[in-house]
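Subject: Structure handover and notes

Hello,

Please find the structure below. My notes follow it.

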Amino acid sequence: MGTALIYDEEMTKYKLLWIDPACKIEVPERLTVSHDALIKTGLADRCVSVPVREATEADILLVHSEEYLEAVKKTPYMTLEDLKEFTLQYGDVYFHPNIYHCAKLAAGATLQLVDSVLTGKVRNGMALVRPPGHHSLRSAASGFCVFNNVAIAARYAKQKYGIKRVLIVDWDVHHGQGVQYCFEDDPSVLYFSWHRFEHQKFWPNLKDSDYDIVGKEKGAGFNVNVPWNKVGMKNSDYLSVFLHVLLPIAYEFSPDLVLVCAGFDSAIGDPEGEMCASPDIFAHLTHLLMNLAGGKLCAVLEGGYNLTSLPQSVCQTVQTLLGDPAPRPADLDGPCTSALESLHCVRSAHKPYWSCLNHAAELPTADVSTKQIKLAEEEEKEEETLKKGEEEKSAEVEAWPEPPKRITPPVRTALVLPKDVTCPDGCKRFSSSEDPVIVNKLRENFFKDSDDSDALTTLSTLTALVEKMEKNEICNGLALVRDVSMAMKCVVQHAATAHRNRVLVVCVGDAVVPSQGTDDGKTLLVQFSNKESEEQKSKYHIPVCLKKGCSDVSGFTQAVLGLLLPLGYEYDPGLVLLVRMPGSGLCEGAWQQLTGLLQGLAQGHTLVLMQEDEKACVGSTASSLLGVAAPSLGNLHAPLKEDMEALERLRHRLQADWKLLQTTAPQTGRGDEH
Ligand code: X5A
Ligand code: ZN
């Protein structure tokens, strides 16, 4: 199942015809440089090219008023003076004789993408369009946008395909107020947006963009705003919000379709956003969404005005949609204080609506007034730094490295299986000639006083497989072994002596955990079980105790999103060892989700160990390792209260060591910490 790419050069054929500093960044080259980059990298060739079409009037009227449509319809016949005049009634937008045509193509391209995904022609895809859409309102153009491409697409998907729940993720640096207004009372469309806000000082300067706007009536809780109150947000800030706000809610919501307002003005170098996230963060943001809705994801270009970081970010997104492993994430040193404040505020505002947030920290009661206080405080500070920083900034901005080429290993998934188990399609059965040095070492370590030549062969094969993964000749692997504990010990030991790579060991179910090598930082062990374990031994050994072990899917999922992934991302392993203990109780769907999500780490280098008698899981595990999206977990019941409380406690305890676990800002001297 492929990835659609939708583009038409026609959408480059309009531009600003007069002088307007607010609009001069929205240029046709945005599209050409993005498309050229996809061609040059060979990514375009790997996609299924789908033609654009014009949106019909009926399509446009799904979101816009007849009066507005009729007004825009006249623009192709206007003189320059008329166009200027017409433009004046709206904010930060311009018209051109050809923009109506392009706006119909942009909306139509988005619908072509939705059709391609929902008819099963492709798994996912991206539409490169101009004009963008997320600012346009029912009866008004705004912020370079004429028709609301993504809002139209959400209504269209519901109407034409009977889609019940749509998630819209807006990672553009501006608030898509048009999308928010369109769905604010609609619980079938969950709208998430992060945006530069600076306490309402940034365009479009709306109160409606703040964290406490959560939706209306039936739609309460289905609008999630994350305001950025400072510029310069980095990879850690973005990832924190995904892991601690968007994903927990999204998994609870369980969408049937994911639409992304994919604006890249949130990337480094952008003159509008002034943020500092590197282009490769979009590989991770994309990957983290790809296991929702059974992988049905449509990314639609919105903003993005730096002609270097824009194409880089577009390529990262498309390459991830194609299934290539994401690069190791750079500098995840934890979120900044301002981001943590936003995180804390949003989580607390959404506590009443989402069971995953039910036990999130309350806002200090004083904070309602803090909103205004901060405003005043910051006004002073900001003005100073603005004056000082202005000259340095332009120099600073050009200085990010090009994302390294993502080299995909020749073999995606290698399996070590007993002879009687057939190898699933698309995988490679792995065997290796025995290296006497390895075999001797293994015999010494594991078989001093026994002679189990079969087991010895398995361990030496495993060791060889790990080495191939380290050399990037194989991406990931799966081994069915007789004794998972011993196999785990063997890989951990190998990794510890090989001193090359950190290994994240994820253990599902009860296991006797190897004692050596768990406190030197070479391995980080996270173990899910129902055994109330004794005190945590070190920063690198983290038992996660859930009441019903791994059999409660809701609790398990929230633990994966809010605990395991932040730890994993911050630890940044070179290899993930995923161990499924016999009788773990984890259902197949949740196991596939786990396997899929973990592949965002270690460039996709995951080695799965399972007990011999779990043959039945080989097929589904292998398909997750091959990059097939995990099936949707469906409507989950609320996780157990005690599990969510235990998770909060664990996070709280670990957050001094692991910054990506933080979800609240450090208290500022009020001393009211619980
Ligand atoms: C789609 C988009 C930005 C408008 C900025 C107006 N619009 N100052 O990024
Ligand atoms: Zn934008």
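R53 is partly exposed, with a relative accessible area of 23%. That label runs between two limits: buried is under 20% relative accessible area and exposed is over 50%, with a 1.4 Å probe and protein chains only. R53 pairs with D59 in a salt bridge, and their closest N and O atoms are 3.0 Å apart. A salt bridge here is a side-chain nitrogen of Lys or Arg within 4 Å of a carboxyl oxygen of Asp or Glu. D59 counts as buried, at 8% relative accessibility.

Two points on conventions. The model is predicted, so local features need pLDDT of at least 70 and side-chain atom pairs count only at pLDDT 80 or more, while totals for chains, interfaces and linings use all residues. Residues are numbered from 1 along each chain as its sequence is written, chains are lettered from A and ligands numbered from 1 in the order in which they are written, and side-chain values use heavy atoms, with hydrogens and water left out.

Helices (H or I, at least four residues) and strands (E, at least two) are DSSP runs, numbered from the N terminus. Both D172 and D265 are buried.

Look at α10 too. 9 of its 9 residues are buried, so α10 is largely enclosed by the rest of the structure. Among them are F282, H284 and H287.

**Ligand 1**

Ligand 1 is surrounded by 13 residues, the closest being D92, G143, H174, D265 and Y305. To count, a residue needs a heavy atom within 4 Å of the ligand. The shell divides into 4 nonpolar, 5 polar and 4 charged residues. Ala, Val, Leu, Ile, Met, Phe, Trp, Tyr, Cys and Pro count as nonpolar, Asp, Glu, Lys and Arg as charged, and the others, Gly among them, as polar.

- D92: a polar side-chain atom lies 2.6 Å from a nitrogen atom of ligand 1.
- G143: a backbone N or O atom is 3.0 Å from a nitrogen atom of ligand 1.
- D265: a side-chain N or O atom is 3.0 Å from an oxygen atom of ligand 1.

How much of ligand 1 does the protein bury? Taken alone, ligand 1 exposes 310 Å², and the protein buries 97% of that. Accessible areas come from the Shrake-Rupley method with a 1.4 Å probe.

The structure holds 26 salt bridges. E198 and R196 form one of them, at 2.8 Å from N to O. E198 and R196 are both buried. K468 and E473 form another, with the closest N and O atoms 3.3 Å apart. K468 is partly exposed at 31% relative accessibility, and E473 is partly exposed at 32%. D452, D454, R482 and E612 are linked in a network of salt bridges.

**Backbone points to check**

Most residues other than glycine have a negative phi, and most peptide bonds are trans. Here are the exceptions I would open.

- R130 to P131: the peptide bond is cis, with omega about -10 degrees. P131 lies in the loop between β3 (122-127) and α7 (149-161).
- W203 to P204: this peptide bond is cis, with omega near 5 degrees. P204 is in the loop between β5 (189-196) and β6 (223-228).
- E198: phi is positive, about 45 degrees, and the residue is not a glycine. E198 is found in the loop between β5 and β6. Its relative accessibility is 13%.
- A602: phi is near 50 degrees, a positive value in a residue other than glycine. A602 lies in the loop between α18 (588-598) and β16 (606-611). At 1% relative accessibility, A602 counts as buried.

Best wishes

Note on methods: Polar contact = N/O pair within 3.5 Å; in protein donor to acceptor, adjacent residues only side chain to side chain.
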